[in-house]
Amino acid sequence: MPLPLKDGYNFNYTRSWRPPFFEMNSAEAYTDFYGLSLLLSGDILVYSTECAVILREGDINFTPKYRYYRSSYVSDKPREQILLKFTDSMVSELLPLLGVDNFNDYFTDHPANIHLTRPEQEKVCTIMKEIEREWNAYNEYSEILIKGLLHQLIILLLKEHSVGEIEPAPDPQKNVCLFNAIDYIKTHLHESPSLKETAEYVKISASYLSKIFVSHLHTPYSSFLLNEKILYAQKLLVSSSMTMEEIADKAGFSSNTYFSDCFRKKTGTTPLQFRKSYQ
């Protein structure tokens with residue numbers, strides 16, 4: 001979870017492991033610092049008022065300043081992630097090379113999410129290990145050394161992915177709607193909100209919201225909703241002693257039979273078998 005940097009520090013390194021079904025309860029703000037994360041394992045839904053993407057193992061995600069950020073699970077897998085946070089002073093020397101006045105400007109016309117090939121992952125992890133080693137032995141020289149390693153890492157990423165990957169700037173209005181729609185779905189999951197109901201909440205047409213889900217998350221609204229229901233049911237199966245009927249109701253299924261059918265089709269196992277496998 002992104003937190004402000006410590007007083008007197010321009011950098012922070014965190015390596016975190018999250019259990020299955022972990023999600024941030026509310027959005028966090030990146031105020032006067034940037035973020036760069038590497039997903040080592042698992043997958044994650046990252047969404048804000050500016051973007052919404054599903055990240056897989058080996059994906060890099062840049063988070064610009066002044067961005068509200070929230071993450072949630074998209075499967076029952078645990079996940080491990082490295083998160084670097086840094087201020088403008090750590091990247092100021094890179095700006096002439098990037099041809100921008102500040103680091104935020106770079107992401108106006110370039111993707112903030114990069115998928116690494118296996119060889120690229122190995123190169124990135126080598127630099128990350130050096131950063132981790134220096135961070136754990138922090139002294140008066142560490143910031144200078146980490147700054148050089150951070151420059152090396154960013155140049156490697158931009159060099160490998162600078163050709164043919166420029167994307168048009170996202171439509172902020174679309175992403176605000178998507179952010180609000182996802183929040184609405186998660187908080188009203190037990191009601192099984194329809195596309196029309198969700199669209200009315202975010203004050204756009206149902207057809208327009210449907211297009212936003214497909215264009216930004218590459219999944220139809222109905223598939224996203226069903227996936228959220230199944231994932232929430234899996235979470236309750238693992239973390240609670242609720243009956244199948246109670247879980248079906250909490251997850252927004254009209255009946256226990258329908259819940260079991262959907263669960264088996266989606267996961268290949270019954271809810272009871274899933275619970276027993278985790279126990």
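How many bridges join β2 and strand β7, and in which sense do they pair? Hold that thought, everyone. This is a predicted model, where local features need pLDDT of at least 70, side-chain atom pairs count only at pLDDT 80 or more, and totals for chains, interfaces and linings use all residues. Residues are numbered from 1 along each chain as its sequence is written, and side-chain values use heavy atoms, with hydrogens and water left out.

Okay, the answer: β2 and β7 (residues 67–72) pair in the antiparallel sense over three bridges. Strands here are DSSP runs of E, at least two residues, helices are runs of H or I, at least four, and both are numbered from the N terminus. Two strands pair if DSSP finds at least two bridges between them. In this pair, E28 sits opposite Y69 in β7.

Zoom out, and you get an open sheet of four strands, ordered β2-β7-β4-β5, with antiparallel pairing. β2 (28–30) and β5 (52–55) are the edges, each with a single partner strand, so one side of each has no neighbour in the sheet.

Now the helices. α3 (residues 118–136) and α4 (residues 142–160) pack at about 165 degrees, axes 9 Å apart; axes are lines fitted to C-alpha atoms over the stretch in contact, and angles run from 0 to 180 degrees between N-to-C directions. That makes α3 roughly antiparallel to α4, a label for angles over 145 degrees.

Who touches whom? Contact means heavy atoms within 4.5 Å. In α3, the contact residues include V124, I127 and W135, and in α4 they include L145, L149 and L156. Thanks, folks!

Methods
Angles under 35 degrees count as roughly parallel, over 145 as roughly antiparallel, 65 to 115 as roughly perpendicular and the rest as oblique.
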